[in-house]
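Subject: Structure handover

Hi,

Here is the structure I promised to pass on. Please open it and keep it in view while you read my notes below.

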Amino acid sequence: GECDWMEEGLYDDDGVSIDYMNGNYGNTTITYAHKTSDSSLIITIDHHVNYNALPERQYQLAVPNFWPANLVTIDKSTVSYCPLRESFEEYSTDCWTYDGSSLTLLINIVTSKSPHNSVIVNIRYSMYKQFDPFWYPGYASRLARLINAKKLLDDQWGIDTVYQEDYFALLNATETGRAITYTPSNIVAFTAPFSKYVLEAVIEVQDLSKLSKDVKSLIVAQLSNI
């Protein structure tokens, strides 16, 4: 079946000496092989190290505009799903998670890996025919603008007598990313009404009779360009 393949590299040396001139350095090659025929992505981290100073490493692999996983293995060992954290340091075990605000699959490799051994991550998913994140160009920036518009409205509480019940569609749209993050398996249901919520949000804001003209114009301009 069709396979998309990509490779990138990372150079390492000790960072303090000129030993690299004597060949004491390392190159790390990261390859991505995506096969749509069997809904799989294989990421291989391969090291070519000529010296022993390179320390063991942990990794966080981010795959943007991708599907939530059904199964993830790291060096043939299955890892579980874990909730999204604020930072990599908050993960205590190898796991995978999903950031619904950017449609990004994250693989957290907390177990330190020797720079002399390859690491193979095998990702399986099943939503290829149901949902394609590549059909959501600019999703992350659109969501960020929606959240900013909501904040502007929230800031009007007690000023222009605007309350959250006045803009439910905008609230629903801004919660899309959070809902996907909490339950990645429901991504199809959560993203389906996203565009509809955006259109309804514009109408909601335009109908806010007690909102100041300047604030309304600013928010409508932001939402209309999404």
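The count comes to 7 aromatic pairs. Rings of Phe, Tyr and Trp (its six-membered ring) pair if their centres lie within 6.5 Å; planes under 30 degrees apart are stacked, over 60 edge-to-face, and the rest tilted. Phe66 and Trp67 make one of these pairs, and the pair is edge-to-face. Their centres are 5.0 Å apart, with 85 degrees between the planes. Both Phe66 and Trp67 are buried. Buried means under 20% relative accessible area, exposed over 50%, and partly exposed in between (1.4 Å probe, protein chains only).

Phe88 and Tyr91 form a tilted pair, at 6.4 Å centre to centre and 55 degrees between the planes. Phe88 has 18% relative accessibility, so it counts as buried. Tyr91 is buried too, at 7%.

A word on the source. This is a predicted model: local features need pLDDT of at least 70, side-chain atom pairs count only at pLDDT 80 or more, and totals for chains, interfaces and linings use all residues. Residues are numbered from 1 along each chain as its sequence is written, and side-chain values use heavy atoms, leaving out hydrogens and water.

Next, the disulfide. The search of the whole structure finds 1 (a pair of cysteine sulfur atoms within 2.5 Å). Which residues form it? Cys82 and Cys95 do, with their sulfur atoms 2.1 Å apart. The pair links distant parts of the chain, 13 residues apart. Cys82 is in the loop between strand S6 (77-81) and strand S7 (95-99), and Cys95 is in strand S7. Helices (H or I, at least four residues) and strands (E, at least two) are DSSP runs, numbered from the N terminus. The link is right-handed, with 60 degrees about the S-S bond. Cys82 is buried at 10% relative accessible area, and Cys95 at 3%.

Last, the second largest pocket. Its volume is about 250 Å³. A pocket, on a 1 Å grid over the protein atoms alone, is an open set of points where a 1.4 Å probe fits, with protein on both sides within 12 Å along at least five of seven lines; lining residues have an atom within 4 Å of a point. The volume is the space filled by probe spheres set on the points, which are joined across faces, edges and corners. The lining has 13 residues, and Ser101, Ile147, Thr174, Gly177 and Arg178 lie nearest the centre. Helix H1 (139-154) and helix H3 (176-182) each give two or more residues. H3 gives the largest share, 4 residues.

Best wishes
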